[in-house]
Amino acid sequence: EQPSLIKPDKFTYTALLKSYIKVDDFQAAEQILDDMESRAAAFAQSQRATNSKFERSEQNFLSAPFSSSKLAMVSEKPPPIPDVFLYNAIVEGYSRRLRWREAESTVERMRARGLLPNAETYMYLVPCLIRAQHPSRAVDKLDDVRTLGIRMDTEM
């Protein structure tokens, strides 16, 4: 991969992810999330390394307030990271196809990444579980909604 002035943003990733979901290519959609996460992690690691380098040479850092490396550190925009909206797009896609195991797994992946499911997440997941003949799992998810304090503004 060569450096480029054009970098994908959240809208690019969202459009690509939703396109894959429309054609039932969930593996590619999940790869989008993986790519976003790995790019964000690599960026964070490079920022830590850059900051560490500057801390070791603090005197030089202070004496050159407009150095190009300092400008690069300030102006380099972090890559987008997956958010609840992107995870919900995948949960919705799986739910529409009654792939309840994958929908549940995606919600768990979301939580493992530190993102809390929201009302929209459960509006896709609970009806999927009911249609897939898993009412007890649906009730468990509704218990999660109550436990998390998620306000459900619409009927399922």
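This is a predicted model: local features need pLDDT of at least 70, side-chain atom pairs count only at pLDDT 80 or more; totals for chains, interfaces and linings use all residues.
Of the 156 residues in the protein chain, 35% count as buried, where buried means under 20% relative accessible area, exposed means over 50%, and partly exposed is what lies in between, with a 1.4 Å probe and protein chains only. Residues are numbered from 1 along each chain as its sequence is written, and side-chain values use heavy atoms, with hydrogens and water left out.

The secondary structure of the chain comes to eight helices and zero strands, with helices (H or I, at least four residues) and strands (E, at least two) taken as DSSP runs and numbered from the N terminus. Taking contact to mean heavy atoms within 4.5 Å, we find that, among contacts between residues at least 6 apart in sequence, 66% join residues at least 24 apart.

Let me turn to helix 7, residues 119-131, which has 13 residues and reaches 19 Å from its first C-alpha to its last, close to the 18 Å expected at 1.5 Å a residue, the expected span being 1.5 Å times one less than the number of residues. The buried residues of helix 7, among them Tyr122, Leu125 and Leu129, pack against helix 5 (84-96), helix 6 (100-112) and helix 8 (135-148).

How do helix 7 and helix 8 pack, in angle and in distance between axes? The angle is about 155 degrees and the axes are 7 Å apart, where axes are lines fitted to C-alpha atoms, for helices over the stretch in contact, and angles run from 0 to 180 degrees between N-to-C directions. Helix 7 and helix 8 are therefore roughly antiparallel, given that angles under 35 degrees count as roughly parallel, over 145 as roughly antiparallel, 65 to 115 as roughly perpendicular and the rest as oblique. The residues of helix 7 that meet helix 8 include Tyr122, Leu125 and Leu129, and their partners include Arg137, Lys141 and Leu148.

Between these two helices lies a loop that contains Gln133, a residue with a positive phi of about 65 degrees although it is not a glycine, and Gln133 is exposed, at a relative accessible area of 64%. Asp24, in the loop between helix 1 (10-22) and helix 2 (26-56), likewise has a positive phi, about 60 degrees, without being a glycine, but Asp24 is partly exposed at 42%.

Helix 6 and helix 8 pack at an angle of about 20 degrees, with their axes 13 Å apart, and are therefore roughly parallel to each other. The contact is made by Trp100, Glu104, Glu108 and Arg111 of helix 6 and by Arg137, Lys141, Asp144 and Leu148 of helix 8.

Is Glu104, then, buried or exposed? Glu104 counts as buried, because its relative accessibility is 9%. The side chain of Glu104 makes a polar contact, at 2.7 Å, with the side chain of Arg137; such a contact is a pair of N or O atoms within 3.5 Å, where within protein one must be able to donate a hydrogen and the other to accept it, and residues adjacent in sequence count only if both atoms are side-chain atoms. Leaving aside neighbours within four places in sequence, Glu104 is in contact with Leu125, Leu129, Arg137 and Lys141.
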